[in-house]
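Dear colleague,

I am passing a structure on to you, and I would be glad if you kept it open while you read the notes that follow.

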Amino acid sequence: MVTLDKIYHAAFVLKQVARKTDLIYAPNLSKDCSLYLKTENLQLTGSFKLRGAYYKISQLSEEQRRAGVIASSAGNHAQGVALAATRMGIKSIICMPDGAPISKVEATKALGAEVCLVKGAYDDAYAHAVKLQQETGMTFIHPFNDDEVIAGQGTIGLEILDQLADVDAVICPIGGGGLISGVAYAIKTLNPDVKVYGVQAENAPSMAESVRKGEAITLDTVQTFADGIAVKHPGDVTFDIVQKYVDQVVTVSEDEIAAAILALIEKQKLIAEGAGAVSVAAAMFHKLPIEGKKVVCLISGGNIDVNILSRVITRGLVTAGRNAMLQIALEDKPGQLLGVSQIVSECGANVVSVHHERSDANMAVTSCFLKVGMETRDFDQIEEIRRRLTEAGFKIVN
């Protein structure tokens, strides 16, 4: 059972291991509220997961320590368990989905764990870890459905209240629910007036759907680049705590997550992974009633795979109106491209790519399609360009 005493004890145990991460004022991310960022992406392993994993392992008996520990993880819990086990001289095996970012797999190995890659999603890795645990007698360190793990994550709630005593609301990512369970329990127990909101990826809404239906459900599939919260079934312990202490659970789209990652990079000079950025996405895209409030967005992790970072940034630029593509039907005659580029230039945008298509069987012999890629300021500028092109007689296809 999670208790406030257990969370305070976890804070004492973690004092020499986990950083008390900074709470940063971020006025440029939202005009609706006074927004602060709890930067767990700057934690020792790049994620809050170290807290729960270390506290859980610290409470094991000598016999359990000799047998070793096993865990399943998409990456962040893996690193927390690996670091904690290695520091305490305990053997660790981590089962990870085969689609986990290479950077997280390699980081887990570097921290001293034996990694076992399992085909499928997190839940498949979990099933394999349970099987191995039964065969080996090692102690299973659950990433979220465990009282000690939840207590470890709850230390973040204590820190938030210490760093911003008059906070009105806390927005927290949700995968299986361990983080928000600990944070919500600590905050609501000490100050019931503070609102606690949860956020999930639109394509992995297991907790959101469970809350809506009043029972813990299992999704058939999850598909999101926010791999840290791609969970088919929330924890039974965490579901009960969320029902009791969390005020609302909402979802954000892949494009909204990408836009939040971009905003954090550009405006705050912070790197967040998809799961870590969903709280900011919820604030940026008006998913919650936080107008005029002092709000903390919990950035749960920063371990994004650099191989997909450029794609995420590109997607974020499109969502924010910073990149645009126009397809224009033209008469194939001299001066047309000059006319288009001149209007784009006069509107203050920058052409970055041009593709001239003459071979479409459906177009007239004397016509062509012009695809123009542009760097733009915002959606208003894109609309101005479209209007000016139309007024000049150009036909915009899309």
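Axes here are lines fitted to C-alpha atoms, for helices over the stretch in contact, and angles run from 0 to 180 degrees between N-to-C directions; helices (H or I, at least four residues) and strands (E, at least two) are DSSP runs, numbered from the N terminus. The model is predicted, so local features need pLDDT of at least 70 and side-chain atom pairs count only at pLDDT 80 or more, while totals for chains, interfaces and linings use all residues. Residues are numbered from 1 along each chain as its sequence is written, and side-chain values use heavy atoms, with hydrogens and water left out.

Helix 4 (residues 76-87) packs with helix 5 (residues 102-110) at an angle of about 10°, their axes being 8 Å apart. This makes the two helices roughly parallel, a term for angles under 35 degrees. In their contact (heavy atoms within 4.5 Å), Asn 76, Ala 78, Gln 79 and Ala 82 of helix 4 meet Lys 104, Ala 107 and Thr 108 of helix 5.

Turning to the sheet, 6 strands form an open sheet of mixed pairing in the order 1-2-10-7-8-9, where two strands pair if DSSP finds at least two bridges between them. Strand 1 (23-25) and strand 9 (248-252) stand at the edges with a single partner strand each, so one side of each is left without a neighbour in the sheet. Strand 7 (residues 169-173) pairs with strand 10 (residues 294-299) in the parallel sense over 3 bridges, and Val 170 has Val 296 in strand 10 as its bridge partner.

Best wishes

Notes: Angles under 35 degrees count as roughly parallel, over 145 as roughly antiparallel, 65 to 115 as roughly perpendicular and the rest as oblique.
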